[in-house]
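Here is a briefing on one structure. Keep the sequence and the model in view while reading.

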Amino acid sequence: MTVQTFDVVDLSPEEMERSYLEYRRACYDIVYRNAVDRGVLKVLDKPVTLAQFAEKFHVVPDKVDVAGLLLKALVKHGAVKHDPDKDTYTAVAEPPTHELDIDLIRQATGRDSFEELRHSENYAGIIDALTTDANPVATTFDSDHLPVWEEVLQAPFYRYSRVQAVREIGGTGPHLLDLACGPGFGLGELAEFAPTDGTVFGVEISTDFVASATQRNAADERIRVTRGDVTQPLDFLQEGYFDGAMIVGAYHFLRNPEPLWDNVARLLRKGGTFCVSYVLSKVGTIDQEIMDLRFALRRPVSYQPTRQQVLDLAEAKGFELIREYGLGAWRWYSFSRK
Ligand SMILES: C[S@@+](CC[C@H](N)C(=O)[O-])C[C@H]1O[C@@H](n2cnc3c(N)ncnc32)[C@H](O)[C@@H]1O
C-alpha cells in the first residue's frame, strides 16, 4: 500500500500565501486582544494624538514611534479609527469580529489552536515592551535565543520559503552556498541535492549559530560552515566555484546589501542561480503594519528593501530575474548570473 504524505512545501505559492495571511490576521487579533487586556483601548476612549496616547499610557520616550506603529496596526485591524485632519486616534464603538480559519493558520504555523498561538506568540509582549526600557521581544542571534530561532526557522511558512530556495538552487550543480545559514537547517536541506563529491558551504556571522550549524550537520562530510560576514569580501572562497547560492531570511538585516551582491557575482559561475528568499519588504500588503510593529522592536535592526531596490542592485551586478513570488511582505526572488 502506498502511503500518501503531504508536506506544506508542496503547496503553490498562492495557497501558502493564503495560509500565511490568515496567520497574520490572527497576529493582529493577538495584539488587539492584548491591547484590550492592558487598557490601551480605554486610553483611546476619546480622540488622542500619538503624543497624548504616549503620555497617558506611560510609553518610554524612545518607544513613542513604536507606540505609533501599534496604533497603526490597531487601525488596520479595524479596532481604532484615525482622523487624518486632526491626526488623532479613537477606539471604534463596535470593533469588527474576525472569523479566523484555524485550518489555514495551522497549515502556516503548525499550531493546533488559536489559544496555543496566542500564548506562544511573542506578539503578546509588544505592548509590555512600550512601558519599559527593557526589550522582552528582542531575539538576537545568540545561544540564549537559539531555541526560539530553531522554532521560527522550522515553522511551516518559513520553511516553505527556504525549501523553495533549496529546490531552486539544488539542481544547478554540485557546489552550493548558503549565505547567513543560521543554525544550519538549509545546509541539511541543500545536501539532499548535492552529489557525494559535492560541497555545501555555509557562511554565518553569529559564532553561536556557526557552532549549532556545525553540530547539526557534523555527520555529513560535504557540509562545511565558517564564520563570516556576507557583506565583507569572502576572499577565502574560490571565484566562480559555486553553481547555486541562497540567502534566506537575512537580506533585510543588511544595512547595505551591495557588497553581498559583489560576493555572489564573484563566487557564482556564469549561469549559476542566486536565490534571495524570505526578505522583509515594503510592498503594502495587509501584513505590513503588523510586521512594522514587530520588527521595530526586534534586534538586530532590520531594513525593508522595496522590490525595485532589490532588482536594481541585481541588474547592476549582472543578474537577471527568473522567478519571484511573495508571502505578504516577505518576497522571494531567483536570479541567473549573466
Ligand atoms: C532569520 S536567520 C536565517 C537563518 C537561515 N538562513 C535559515 O533560513 O534557516 C538570519 C541569519 O542571518 C545571520 N546574519 C545576519 N547578518 C549577517 C551577515 N552580515 N553575515 C552573515 N550572517 C548574517 C544571522 O546571524 C542569522 O543567523
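The points below cover the ligand site, the annotated domain, the cysteines and the backbone.

This is a predicted model, in which local features need pLDDT of at least 70, side-chain atom pairs count only at pLDDT 80 or more, and totals for chains, interfaces and linings use all residues. Residues are numbered from 1 along each chain as its sequence is written, and side-chain values use heavy atoms, with hydrogens and water left out.

**Ligand site**

- The shell around the ligand holds 19 residues, where a residue is near if one of its heavy atoms lies within 4 Å.
- Tyr158, Ala180, Glu204, Asp229 and Val248 come nearest.
- A polar side-chain atom of Glu204 sits 2.5 Å from a ligand oxygen atom.
- By class, the shell has 12 nonpolar, 4 polar and 3 charged residues. Ala, Val, Leu, Ile, Met, Phe, Trp, Tyr, Cys and Pro count as nonpolar, Asp, Glu, Lys and Arg as charged, and the others, Gly among them, as polar.
- Helix 8 (146-154) and helix 9 (156-170) each give at least two shell residues. Helices (H or I, at least four residues) and strands (E, at least two) are DSSP runs, numbered from the N terminus.

**Annotated domain**

- An unreviewed UniProt entry lists "domain: Methyltransferase type" at residues 177-275. UniProt positions follow the numbering used here, feature names are shortened, and annotations may be inferred rather than shown by experiment.
- Over residues 177-275 the chain is 27% helix and 29% strand. The end C-alpha atoms are 10 Å apart.

**Cysteines**

- The model has 0 disulfides, a disulfide being a pair of cysteine sulfur atoms within 2.5 Å.
- For Cys181, the nearest cysteine sulfur is that of Cys275, 16 Å away.
- Cys181 is buried at 8% relative accessibility, and Cys27 is buried at 0%. Buried means under 20% relative accessible area, exposed over 50%, and partly exposed in between (1.4 Å probe, protein chains only).

**Backbone**

- Arg299 and Pro300 are joined by a cis peptide bond, with omega about 0 degrees. Pro300 lies in the loop between helix 13 (288-297) and helix 14 (307-316).
- His58 is not a glycine, yet has a positive phi of about 60 degrees. His58 occupies the loop between helix 3 (50-56) and helix 4 (64-77), and is exposed at 60%.
- Asp87, also not a glycine, has a positive phi of about 55 degrees. Asp87 falls in the loop between strand 1 (80-83) and strand 2 (88-91), and is partly exposed at 42%.

Conventions:
Polar contact = N/O pair within 3.5 Å; in protein donor to acceptor, adjacent residues only side chain to side chain.
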